[in-house]
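Thanks for coming. I will go through one structure today, and I will define the terms as they come up.

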Amino acid sequence: MTEQPEGDVRELAEIPAVEVISRAAVMLMSSAAEKLGLGDEDPDNSPRRDMDEARRVITALAGLVTASVEYLGPHAGPLREGLQSLQKAFRESSAVPDAPGAGPGEKYTGPVY
């Protein structure tokens, strides 16, 4: 194993909680977008599309954002908007859309139309 210079490694204890939460949220958002096929030219025919996996990731994202919104300060708005966009994309992509309030993460965020 190669040792890294001290300046290249940031101790986890030194990273502010809002940054850790924001990074986790961005990773979940990126995963959800890929699982919805949004990274492909034709999402409906994306080989990466997996609606079941997208539902799980969006629900996890909704739980994280909802539980930590009071700590996110100015980051809260963009994260909520990103979450809502993914929830809407999921609803639009579903062959049989969920009832209002039953979509991914909606038990935490409320219905998304």
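In which helix is E106 found? E106 sits in helix α4, residues 106-109. A helix here is a DSSP run of H or I of at least four residues, a strand is a run of E of at least two, and both are numbered from the N terminus.

Before going on, a note on the source. This is a predicted model, where local features need pLDDT of at least 70, side-chain atom pairs count only at pLDDT 80 or more, and totals for chains, interfaces and linings use all residues. Residues are numbered from 1 along each chain as its sequence is written, and side-chain values use heavy atoms, with hydrogens and water left out.

Back to E106. Is E106 buried or exposed? Its relative accessibility is 4%, so E106 counts as buried. Buried means under 20% relative accessible area, exposed means over 50%, and partly exposed is in between, using a 1.4 Å probe and protein chains only. The E106 side chain reaches the backbone nitrogen of G101 at 2.6 Å. Leaving out residues up to four places away in sequence, E106 touches Q87, R91, A99, P100, G101, P111 and V112; contact means heavy atoms within 4.5 Å.

Now the whole protein. It has four helices and zero strands. Of its 113 residues, 29% are buried.

Next, the helix pairs. The axes of α1 (residues 17-35) and α2 (residues 51-72) come within 9 Å and cross at roughly 155 degrees. That makes α1 roughly antiparallel to α2. On the terms: axes are lines fitted to C-alpha atoms, for helices over the stretch in contact, and angles run from 0 to 180 degrees between N-to-C directions. Under 35 degrees counts as roughly parallel, over 145 as roughly antiparallel, 65 to 115 as roughly perpendicular, and the rest as oblique. The residues of this α1 and α2 contact divide into 16 nonpolar, three polar and two charged. Nonpolar covers Ala, Val, Leu, Ile, Met, Phe, Trp, Tyr, Cys and Pro; charged covers Asp, Glu, Lys and Arg; the others, Gly among them, are polar.

What about α2 and α3? The axes of α2 and α3 (residues 76-93) come within 10 Å and cross at roughly 155 degrees. These two are therefore roughly antiparallel to each other. Among the residues that meet are M51, R55 and L72 in α2, and A76, L83 and F90 in α3. By class, this α2 and α3 contact has 13 nonpolar, two polar and two charged residues.

How values were computed
A polar contact is a pair of N or O atoms within 3.5 Å; within protein, one must be able to donate a hydrogen and the other to accept it, and residues adjacent in sequence count only if both atoms are side-chain atoms.
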